[in-house]
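Colleague: I have a new model open and would like to learn how to read it. Can you take me through it step by step?

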Amino acid sequence: MFGYYFELAVRSLRRNPVLTILIVALIGAGVASSMVTFAALRAMSADPMPGKSAQLYEPQIDNWGPANPDVHGEPPLTLSYIDAEALLHAHAAPRQTALYQVAFSLVPADATRAPFAVKGYAVTTDFFAMFNVPMAYGAGWSALDDDKGTDALVISRRLNDRLFGGTDSVGREIRLDNHDYRVVGVAGDWNPQPRFYATGSIHVTTDHGDAPDVFLPFTHAVEQQIATAWGNYCRPDYKGMGWDALLHSECVWVAFWVDLPTPADAWHYASFLHNYAAAQQRMGRFSWPPNVRLRNVPQLLAYVHAVPEQVRVSFLLALGLQLVCLVNIIGLLLAKFMRRSVEIGVRRALGASRGAIGLQFLTEAAMVGAVGGLLGLLLTGIGVYGMGALFTPKIARLVHVDADLLGLTLLVSIVATVLAALYPTWRAAQVQPAWQLKSN
Amino acid sequence: MSIRILFSTLRRHSMMPALVLLQVAVACAILCNVLFLVWQQLQPMLAPSGVAGNQLILVDQLASPQRAFTTAEVRGGEVALHEVPGVRAATAAFGLPMVGSNLMDIALQGPNGVKVGVNGYLGAGLIDVLGLQLVAGRDFLPSEYRDFGIGGTHEKWSAGGPQPIIITQTLAKRLFANGRVLGQLLTDPSDKNDLGYQVVGVVRHLLRNQLGLATNGRADDTVLLARRIASTSTLSYAVRVDPALRKAAIRGVRKVIQQHFGALLPTGITARVSSYSSRREAAFKSQRAALGLFAGITLAVVVVTAIGIMGLTGFWVQKRTRQIGIRRALGARRADILRYFLAENALIVSIGVAIGMALALLGNALLMHYYELSRLPWSWLPVGAVVMLLLGQLAVLGPALRAAAVPPVVATRSV
């Protein structure tokens, strides 16, 4: 039966090509605009660490007080060294890490090669397990390395390829600025986007988004007085000079993350954080009541508006456009179906039931939808390609067409068209055979 | 032909007109909002900067967290920049157009009570270096400059009277309502003890460096203050060059900055030296992306609505072929038929647009509730409405012409 309806549909579509082309163009334009904006939205709101992001929390402590006018009572995104050290020592979470961005000039052992710049993070060893960093060779450093601040180093696969031709380089030495480091591990491919863990530079859009080249122990970096590459935020009245002054200041520059697997852990940590701030108030360091936050990755990304508002708004507007298309398609399908009242009359007179007529026209609608979907695919491809020219390369790389998007485009086109066809089909099924036969 | 006939036809066959009306309403609501968003993105891009863009090289990201640059180092940089071939003028500055890294907000209140938040640009001789056009008053006198630095020297304005300020024409109009401007006083509404400002000069244009705020006539909310950059931990330079020698001058400036400050900067921090035009390009990157998205949606709305009206009206005209033939046989001219269908479309679209404008405000209110968007001003509604009306008339032209071409003899045939 479907084969017959299919044939009927093809005939009908060819009978008035102009109307068919109009319907197909509408479906294509409507679905493509939704899909292009959806692709952009999806790229920007993708979970950077699926399965893990909900249990990674970033504690924030207000150490500037209500006098800070910039942030409407929100604590800064990073911590002062004082607070970061205190939280590290308290060890109130199963896993935790303090981190900040560092940059070096790498001096190759081969004196004929020119030094080049590398970027990375000073972290504690929990970082690798918390953020699911795979290891191609070796492993992260030990807790002892963290305490002692040794010169252990984990390098990226890219840097390993560049320096050691991709071989197992564990135990080899690398010179960064004026200090020798020993490689303890080579990270596999790891580069979650956006780089949510780098809260100190989360607002910086000029970041290339390449994987970090090196990781070294936090304690070591602090002892070696390696300055942050993402800068520190100090109160305007900060007058201190030098490293020691910075460590004892209220300047914020250390990102801090805790891994809290269960809601109970999160609840305990939140109360620990509150008590910590209350203790600081009692000691007289803070002259304001505790003002702390504990946001997990999705909450943090929402808080910093990781997805540009324009992208969300344009997706909503595109959905509105889809509605306009649907209204149009209803009208045009009605036109298309009612032209064939005579044909319907004949089929009904020959014994076809209302259901059979309905099925016939819904089949036709689904077919038009599928053809419109194909046009939509083409337009979506063009739109996504055009987006590459609009956005920064970092974002454009994330916006792409894949099997999911292709499938969704076709599905939306067909479902939308069939939905739009419900009313015209019902009208078609109501045609009275006697009237149609009489009038001819 | 009276409007009564129009209405009675519409009442009798209400399905098609209702669908046209519905789509026009939704499309109009989208169009009003999206055109407004396009305008919001376009404003900062279209605003005149006031600076001699093709002659300007900007240097920033000179930051030293460990210790502030000394006044001698800052001056030394200026002197060395002057000696680069092709350089006409150079000055250390805080706050420069297209440099978002150094922002200074200043609150001003005029004698008429109007309060504005403006961006301040600081540096000796900025009018000359940026190539600003002074339309009234004078530049700062050398004796008026005070030292300024972030985390270094910061001389408060403590002289007997208010400090001199140079404002833009737009600000002058807003703060003094077309009255006398030069010599007038401005106050700082947030600080009662402040001595305030006295306007000594007015420049034609000067684009602010908080580009996100450069909308709704606020693009020129910028002032110049009489400050000379002294010891500071974050430093930038504005350099004016001979446009013919710009390429060579950029290389020269880069070399000088590296020689002077390379050793003072911490690892990983490199000074940024680039032309004003490339900064502008980079600063508007996200604006252009958003503009592209919104423009795409505008185009899609226009195309979809046009196709929709054409298709629906085309079918409706065809259904009435016989009636048209009868009217023609009864003496109606082609022009009458054409006019009838154009009027019918205008009527339907007008009702749709009226509903659409209400929907547009509703949609904007909803968007504003969830996102940080500006309120859609009433004055924007007619823009979307006019576009929809024109679009409707254009889209219906094809079907209406086809209707006008129906010969009277159709009336005598049975369809």
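**Reading the model**

Modeller: Start with one strand pair. Strand 1 (residues 56-63) of chain B and strand 12 of chain B run antiparallel and are joined by six bridges. Keep in mind that this is a predicted model.

Colleague: Which residue is the bridge partner of B:Ala63 in strand 12 of chain B?

Modeller: B:Thr234. Find that pair on screen and you can follow the two strands from there.

Colleague: Which sense does the pairing of strand 2 of chain B with strand 12 of chain B take, parallel or antiparallel?

Modeller: Antiparallel, over six bridges, with strand 2 covering residues 87-94. Look for B:Thr91 there, which stands opposite B:Ala238 in strand 12 of chain B.

Colleague: How many residues of strand 12 of chain B are buried?

Modeller: Count neighbours to decide: a residue is buried if 20 or more other C-beta atoms lie within 10 Å of its own. For strand 12 (residues 234-241) of chain B, eight of eight residues are buried.

Colleague: Which residues of strand 12 of chain B point one way, and which the other?

Modeller: One set is B:Thr234, B:Ser236, B:Ala238 and B:Arg240. The other set is B:Leu235, B:Tyr237, B:Val239 and B:Val241. Both sets are buried.

Colleague: Where does the sheet go from strand 2 of chain B?

Modeller: Follow the bridges again. Strand 2 of chain B also pairs with strand 4 (residues 115-123) of chain B, antiparallel, over two bridges. There, B:Phe94 has B:Leu122 as its bridge partner. Strand 4 of chain B also pairs with strand 3 (residues 105-109) of chain B, antiparallel, over five bridges. B:Asp105 stands opposite B:Asn119 in that pairing.

Colleague: How many residues lie between strand 3 and strand 4 of chain B in their hairpin?

Modeller: Five. Check the turn for backbone angles too. B:Gly113 sits in it, with a positive phi of about 90°.

Colleague: Which strand runs parallel to strand 4 of chain B?

Modeller: Strand 10 (residues 222-225) of chain B, joined to strand 4 of chain B by four bridges.

Colleague: Now the chain-to-chain contact. How many residues does each chain put in?

Modeller: Chain A gives 42 residues and chain B gives 39. Next, ask which elements supply them. On chain A, helix 2 (17-45), strand 3 (95-107), helix 11 (309-338) and helix 13 (354-390) each supply at least two residues. Helix 11 of chain A gives the most, with 19 residues. Then sort by class. The side of chain A that touches chain B has 24 nonpolar, 14 polar and four charged residues.

Colleague: Why does A:Gly372 count as buried?

Modeller: Because A:Gly372 has 29 C-beta neighbours inside 10 Å. This glycine lies in helix 13 of chain A. Now look at who surrounds it. Beyond four places in sequence, A:Gly372 contacts A:Ile23, A:Val24, A:Ile27, A:Gly28, A:Val31, A:Ser413 and A:Thr417. The C-alpha atoms of A:Gly372 and A:Gly28 are 4.8 Å apart, although 344 residues separate them along the chain.

Colleague: Which element of chain A has the lowest mean pLDDT?

Modeller: Helix 14 (residues 393-396) of chain A, at 63. Strand 9 (residues 214-217) of chain A has the highest, at 94. Over chain A the mean pLDDT is 86, and 92% of residues reach 70 or more.

Technical notes: Residues numbered from 1 in each chain as written. Chains lettered and ligands numbered in written order. Predicted model: local features only at pLDDT ≥ 70, side-chain atom pairs only at ≥ 80, totals over all residues. Contact = placed C-beta atoms within 7 Å. Nonpolar A, V, L, I, M, F, W, Y, C, P; charged D, E, K, R; others polar. Buried ≥ 20, exposed ≤ 12 C-beta atoms within 10 Å, placed from the backbone. Pairing = 2+ DSSP bridges. pLDDT = per-residue confidence, 0-100.
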